[in-house]
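Biologist: I would like to learn how to read a model of this kind feature by feature, with the cut-offs stated as we go. Could we begin once the structure is on the screen?

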Amino acid sequence: MVNVVLVGSQWGDEGKGKLVDWLSSQADVIVRFQGGHNAGHTIVIDKDTYKLSLLPSGIVRPEKVCIIGNGVVVDLWKLEEEIESLKLKGIKINSENLKVADNASLILPFHKDLDSIREDSNKKNNIGTTRRGIGPAYEDKVGRRSLRAGDLRDPEMIKKRINLMALHHNPLRAHFGQSLIDEEKVYNDLLKISLKILPYICPVWRYLSDSIKNKKNILFEGAQGALLDIDYGTYPYVTSSNTLAGYASVGSGVGVHNLNYVLGITKAYTTRVGSGPFPTELFDKNFERLAQKGHEIGTVTGRPRRCGWFDSVLVRQITEISGINGLALTKLDVLDGFDEIKVCTKYKLEDRFLDYFPNSIDEQSKVEPVYESIKGWKGSVRGVRSWKDLPKGAQDYVKFLEHLVGINADLVTTSPEREDTILIRSPFS
Ligand code: IMP
C-alpha cells in the first residue's frame, strides 16, 4: 500500500487534473483536502473533456471512491451542479463512490458576495481572486461561526449559524452599501439543497482509517499550487488554504505517517493567474508563444494566465518546504521549437545574489531573475510516451531541471491526453 500526495509546486494550473486521473488508475480512493471550487481541472479522455472544480478528478473512473475532506470549503449548489452535469455524461455518482466530510465548512451565497465586493472595491490592488467566496468562507471557519456539512441534519443549527454569520457579515455589507443578508432565504435554500447532498455526508476520517487498515491505495489530490499557500506563498497574493502536502493529513483526517510519497506537479515553464509577484514573467513574443501553445487560459475564470520561464529557485524552495519526493514535469511539448530556453537559477536583489525567494512582498516584487540558457530541440515531443523517444535536447532540458531542483522527474507529460505520459518511476511503486 502506498498513499501518494499530489500537489502543485508553482502557482497552480500545473496540469494536476490529467495526472490525478492517470494516477487514480492505481489508487482505490481519491481525496481532495483543501481549497474549493476555485480549482479547475480539465481531464481529456479519448475525445471527451470533463471540467471539474470541486469533485476529485478520480470521479470519472468507475470503481474509485472520491472524498471531499474537511479541509475543503464546499459550495453545495456548485457540488450539485457538477454531480448532475457528470451524471448527464454517463458518470455514476452515489453515496458509495462520493463522500463529503461532515466537518467540512460550507460556502454560502454571502461569502461569494463579500469576495466580489472586496475585489471590486479595490480594483487597483485587488488579489485577483476567483470570486467563488473561498477566502470569506475560510475566514468564517477560523472565526468559529461556519455552517458545516454535518450541521445540515439539524435545522435549528442551520438557523443559528446563519444568524451568527449574519451578525458578522451585515456590518461589512452595510459598509459597502449592500443589502443585509436575507436569513430566511438562505435557510430555505439550504434546506432544499441539503436533501440532495445529505446522502453523501459522513465522517470521512473513519472511511479513510478503514481504507488504510484494508491496505487500499489513497491518492490525495492537492488544488492550486504551493506558491498560493496561505503561509508560504506570495502573501497576500495567495489563496486562503494551505496548499502544501502536509495539509493532506489535517484536511482529511489521516495521520501524517500515512502520507508515503509526495509528487510535485511542475510545469516545464511557469504560469500564474491573478495578481502578485512573478520574477520570470515574460512580456515579449515568448509570452505569446507560451500562452498560445499552452492554451494558458484559466479553467475557472477564463482569464488569460501570465507566463514565464521555469524558475528553479522557486521550485527548489517549494520542494524542500512541501517535502516533495519526485516531480511530474508537465507540458514539455509547449517548449517544442524554441531555439533557446531560459531557466532562472538565482535572483539579483539590488547588489546581492539570492539562492532563495525572500519572504517580504516588497523583496519578492523586486528580485530580478538570473538566467542560464539551454538549447532547444528539433522536432516535437508531443505524444511521446517513452523516455528513449524524447529528442536528446528535451532529455537534456529535463535533466537540467532535475539537477537545479535537486530531485528527479518521475513522470513527464507530452500532451493533454491521458496516455501521453512518460513514466520514469511510478509514485505508487
Ligand atoms: P481565491 O482562491 O479565489 O481566493 O483566489 C486567490 C488567488 O489564488 C488568486 O490569485 C487566484 O487566481 C488564485 N487561484 C485560486 N485557485 C486557483 C487555481 O486553481 N489555479 C490557479 N490559481 C488559482
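Biologist: In which loop is the place of Arg144?

Modeller: Helices and strands here are DSSP runs, numbered from the N terminus, with helices being H or I of at least four residues and strands E of at least two. Arg144 sits in the loop between helix 4 (134–142) and helix 5 (155–175). Please keep in mind that this is a predicted model, in which local features need pLDDT of at least 70 and side-chain atom pairs count only at pLDDT 80 or more, while totals for chains, interfaces and linings use all residues. Residues are numbered from 1 along each chain as its sequence is written, and side-chain values use heavy atoms, with hydrogens and water left out.

Biologist: What is the phi of Arg144, and is Arg144 buried or exposed?

Modeller: Most residues other than glycine have a negative phi, and most peptide bonds are trans. Arg144 has a positive phi, near 60 degrees, and with a relative accessible area of 74% it is exposed. By definition, buried means under 20% relative accessible area, exposed over 50%, and partly exposed in between, with a 1.4 Å probe and protein chains only. Lys215 also has a positive phi near 60 degrees; Lys215 is placed in the loop between helix 7 (204–213) and strand 10, and counts as exposed because its relative accessibility is 63%.

Biologist: Which residues does a cis peptide bond join?

Modeller: The bond between Tyr235 and Pro236 is cis, with omega about 10 degrees. Pro236 belongs to the loop between strand 10 (218–221) and helix 8 (247–250).

Biologist: How should I read the surroundings of the ligand, and how many residues surround it?

Modeller: A residue is near a molecule if one of its heavy atoms lies within 4 Å of it. The ligand is surrounded by 16 residues, of which the closest are Asp13, Asn38, Thr130, Thr239 and Arg303. By class, this shell holds six nonpolar, eight polar and two charged residues, where Ala, Val, Leu, Ile, Met, Phe, Trp, Tyr, Cys and Pro count as nonpolar, Asp, Glu, Lys and Arg as charged, and the others, Gly among them, as polar.

Biologist: Which side chains place polar atoms by the ligand, and how much of the ligand does the protein bury?

Modeller: A polar contact is a pair of N or O atoms within 3.5 Å; within protein, one must be able to donate a hydrogen and the other to accept it, and residues adjacent in sequence count only if both atoms are side-chain atoms. An N or O atom in the side chain of Thr130 is 2.5 Å from an oxygen atom of the ligand, a polar side-chain atom of Arg303 is 3.0 Å from a ligand oxygen atom, and one of Gln224 is 3.3 Å from a ligand nitrogen atom. The ligand taken alone exposes 470 Å², and the protein buries 96% of that, with accessible areas taken from the Shrake-Rupley method with a 1.4 Å probe and, for residues, only the protein chains shown counting as cover.

Biologist: Where is the place of Asn38, and what does Asn38 touch?

Modeller: Asn38 is in the loop between strand 2 (29–32) and strand 3 (41–45), and it counts as buried because its relative accessible area is 11%. Contact means heavy atoms within 4.5 Å; not counting residues up to four places away in sequence, Asn38 touches Thr130, Arg132, Ile134, Gln224, Thr239 and Val300. Its side chain makes polar contacts of 3.0 Å with that of Gln224 and of 3.3 Å with that of Thr239.

Biologist: Is Asp410 buried or exposed, and which side chain does a polar contact join to it?

Modeller: Asp410, found in strand 19, counts as buried, because its relative accessibility is 1%. The side chains of Asp410 and Arg425 are joined by a polar contact of 3.1 Å. Leaving aside neighbours within four places in sequence, Asp410 is in contact with residues including Tyr261, Leu263, Ile422 and Pro427.

Biologist: Finally, how is the protein divided into domains?

Modeller: Domain bounds come from an automatic or database domain assignment, which gives domain 1 (3–99 + 204–261), domain 2 (109–197) and domain 3 (265–423). The contact between domain 2 and domain 3 takes six residues from domain 2 and five residues from domain 3, and their C-alpha centres lie 37 Å apart.
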